[in-house]
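Here are my notes on the model, as numbered points. Please read them with the structure open.

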Amino acid sequence: MNSKMKQVFQSKKIVLVMMLVMMLALTACGGNNGANGNNENQVANNQNQAIVEDTTGNQGSASVYPITVTDSSNTEVTLTESPKAIVSIVPSETEILFAIGLGDKVVGVDEYSNYPEATADIEKVGDYITNIEAVMALEPDIVLASSSMNGEAITKLRELGIVVYTSDPLTYDEVVDHIQQLGVLLDAQAQSSEVAAEMNKVKDDIVAKVANAEVRKVYLEFDTGYTMGSGTFLNDLVTIAGGINVANGQPGWFEVDAEAVIIENPAVIIYPDFGEEQSSILAGIQARPGWDAIDAVKNNEMVMVSNDPLVRVGPRVSQGLSEIAAAIHPELFQ
């Protein structure tokens, strides 16, 4: 199922009918492993996305309320009207709100929401620890949060009767879908569709350029001494950009196995720009015993990329994907 198809938000009744049709189709296919495999992958993906179940038949550019949502924490959320006051407690959600034209409705953000510049003038409601009293004082119609990072705050706010919508996209496509879903939920469908279309164009252009290129081995280090493997957002970007993450045999973020990286011998090493005069991550890489034999080090193909667009699952991930692609295949992205 492509991202455009996922835009169509249907009523619960239609969803049930579609599920019955799919079950009949799978039964007719018998033991088709390919079909079953694709279905399992789709189910797994849906667990990381908020699904808008439009109970009013929204089909145009304006949302119609009430709207019921099942978010990434598997909680049903209902908005009875277009929200006028929104609080975001995660930077990626803040960036999405501004990108889809809702910056004027944002009344509170977390301390790390620093993009765009207009966020500097918005009330801050905490850092990793959300100031619940500060959020309540702003009387938001809805709070946007990350189900993987804001668990305690989500629980407390919901106990106090605040509407909280969570997300946790793990792939580029899931980010695009999430932006479109927010557009429906928050009455910004036209703007969110424009953002999604541009993001899809960036991805499609990159995929086309790397289609016939050699798949190059890549090592990622975005925290000193730690890398990331399968099931992570950066792993997905490397794959899209025509590379293979040498750490993808293990899930999540984990401590670097220096010997294993030497054996894998990546052609490219990618690390983030933290604004340091001398990158602490690069210094650590260069000081590791035996790493001078790695092709990426020998050939000086150690590339620094922007940090925020690659660790915030918002609209700027298209910029991050472009940087990853240029790092892996510089000859294609001059």
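1. Helices (H or I, at least four residues) and strands (E, at least two) are taken as DSSP runs and numbered from the N terminus. The model is a predicted one, in which local features need pLDDT of at least 70 and side-chain atom pairs count only at pLDDT 80 or more, while totals for chains, interfaces and linings use all residues. Residues are numbered from 1 along each chain as its sequence is written, and side-chain values use heavy atoms, with hydrogens and water left out.

2. Overall content. The protein has 13 helices and 14 strands. Of its 334 residues, 47% count as buried (under 20% relative accessible area; exposed is over 50%, partly exposed in between; 1.4 Å probe, protein chains only). The accessible surface comes to about 16200 Å², with 52% of it belonging to carbon and sulfur atoms; areas are from the Shrake-Rupley method with a 1.4 Å probe, and for residues only the protein chains shown count as cover. Among contacts (heavy atoms within 4.5 Å) between residues at least 6 apart in sequence, 61% join residues at least 24 apart.

3. The five-stranded sheet. An open sheet with parallel pairing has the order β6-β5-β4-β7-β8, two strands being paired if DSSP finds at least two bridges between them. Its edge strands are β6 and β8 (164-167), each pairing on one side only. Strand β4 (residues 86-88) is joined to β7 (residues 142-146) by 3 bridges, and Ile86 has Ile142 as its bridge partner in β7. Helix α3 (residues 91-99) packs on this sheet, touching β4, β5 (106-109), β7 and β8, at about 140 degrees to the direction of β4. Helix α5 (residues 151-159) also packs on the sheet, touching β7 and β8, at about 155 degrees to β8. For these angles, axes are lines fitted to C-alpha atoms, for helices over the stretch in contact, and values run from 0 to 180 degrees between N-to-C directions.

4. The four-stranded sheet. The order here is β11-β9-β13-β14, again open and with parallel pairing. β11 (243-245) and β14 (302-306) each have a single partner strand, so one side of each is left without a neighbour in the sheet. Neighbouring strands are turned by 40 degrees against each other on average, direction ignored. Between β13 (residues 268-273) and β14 there are 5 bridges; Ile270 stands opposite Val303 in β14. Helix α13 (residues 317-328) lies across β9, β11, β13 and β14 at about 145 degrees to β13.

5. Glu95. Where is Glu95 found? Glu95 belongs to helix α3 and counts as buried, at 4% relative accessibility. Leaving aside neighbours within four places in sequence, Glu95 is in contact with Tyr115, Arg312, Pro315 and Arg316.

6. Cis peptide bonds. The bond from Tyr115 to Pro116 is cis, with omega near 0 degrees, and Pro116 lies in the loop between β5 and β6. The bond from Tyr65 to Pro66 is also cis, with omega near 10 degrees; Pro66 is in the loop between β1 (51-53) and β2 (67-70).

7. Positive phi. Asn265, in the loop between α9 (258-264) and β13, has phi near 50 degrees and is partly exposed at 26% relative accessibility. Asn300, in the loop between α11 (295-298) and β14, has phi near 55 degrees and is exposed at 59%.
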